[in-house]
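Trainee: I am new to this structure. Please take me through one part of it in close detail.

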Amino acid sequence: MVYDVRTIFWDGCIKLIDQTLLPDRFEIISCESIEELAAAIKRLAIRGAPALEAAGGYGIALSAHEKDFSSAEGLKEHIKKAAKFLSFTRPTAINLFYGIQRVLDKALEGESVVEIKELALNEAEKIADEDIERNKIIGSDGARLLNDGDTVLTYCNTGSLATVYWGTALGVIRSAVEEGKEISVYACETRPLNQGSRLTAWELMQYGIDVTLITDSMAGIVMQKGLIDSVIVGADRIVRDAVFNKIGTYTVSVLAKEHGIPFYVAAPSTTFDWEKTMEDVVIEERGSEELIYCHIKCKDCKIAPEGVKTYNPAFDSTPLENVTALITEMGIIKPPYDKSVPEVLK
Ligand code: MRU
């Protein structure tokens, strides 16, 4: 294995893999201020719901360390402002808000500047460690759903890069392979930002797992031809009636239902927002340049006329009736979800 490092970690400041550079370049960048971290989140240098949870947590720790404060009260005001600032970076993944709030609450228990800094960093490190533990459980739980020789279709990137380490939906595939099962993967490219082709295909090749790249529009034909045994995706937020995930997930869920293929969602407990319903969630809308250029970094390669009207939602909602099971660190949750989820969450 070539690549085996945490996506985000603390080393005097926040260090993270800049995912916008992959698959061409593997580079770890530093964020020394929360402004730098916010910019990294917005441009998707760090992305994926569980990785954003860690980023939110480390962001509060960073805000506690980035300036010198003479009083605990002054520092507390500063980190509260930082929490507000970071929560305006991306709206859909609930994990980001969970990470910010958890570290903020812990840090506010501190009575001195030193204690606040220590509490914030320890809590952020705990979030990162817990993410890995949870992913390993999700992986081994979910691996029970895969048979030796299965072919899985996946969408977006839910691997190590989308978490602190290991991954959720891709973690399930990795765990199954680690157990000795032979698993092949069809990875949808995931337009417009290509998390599937740039990141999932790259990650799976790093692990030596058989992967075939397809465009999003090819999900139907591979199912129709009987090439897919199951679909596994991740989630940005799971509410009472739907799973929010990368734009295009809903389409794949409908195709899977039509072809009688199990459609699994792998996500940690921190992705659940069970008090809410579909209407309550804000879907991030991104700029037209993501649709007009073949890649936002290649502004010399237009694939649509400049000035065309665009609609670019980053996520969609898959009704829970399309989901065969939710794979979590608390076990595999099956319908009826209105009964099974509250049972498990408590
Ligand atoms: O816009 P992104 O790349 O942050 O979107 C990521 C996804 O939609 C993932 O599928 C989701 O966060 C789950 S990652 C384990």
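Where does Pro192 lie?

Mentor: Pro192 lies in the loop between strand S5 (184-188) and helix H7 (195-207). Helices (H or I, at least four residues) and strands (E, at least two) are DSSP runs, numbered from the N terminus. A word on the source: this is a predicted model, where local features need pLDDT of at least 70, side-chain atom pairs count only at pLDDT 80 or more, and totals for chains, interfaces and linings use all residues. Residues are numbered from 1 along each chain as its sequence is written, and side-chain values use heavy atoms, with hydrogens and water left out.

The peptide bond from Arg191 to Pro192 is cis. Its omega is near 5°.

Thr190 is not a glycine, yet its phi is positive, about 70°. Thr190 is buried (under 20% relative accessible area; exposed is over 50%, partly exposed in between, with a 1.4 Å probe and protein chains only). Its relative accessible area is 0%.

Take the cis bond first. Pro335 and Pro336 are joined by a cis peptide bond, with omega about 5°. Pro336 is in the loop between strand S13 (331-333) and helix H11 (337-345).

Then take the positive phi. Leu44 has one of about 65°, although Leu44 is not a glycine. Leu44 is placed in the loop between helix H1 (34-42) and helix H2 (49-65). Leu44 is buried, at a relative accessible area of 5%.
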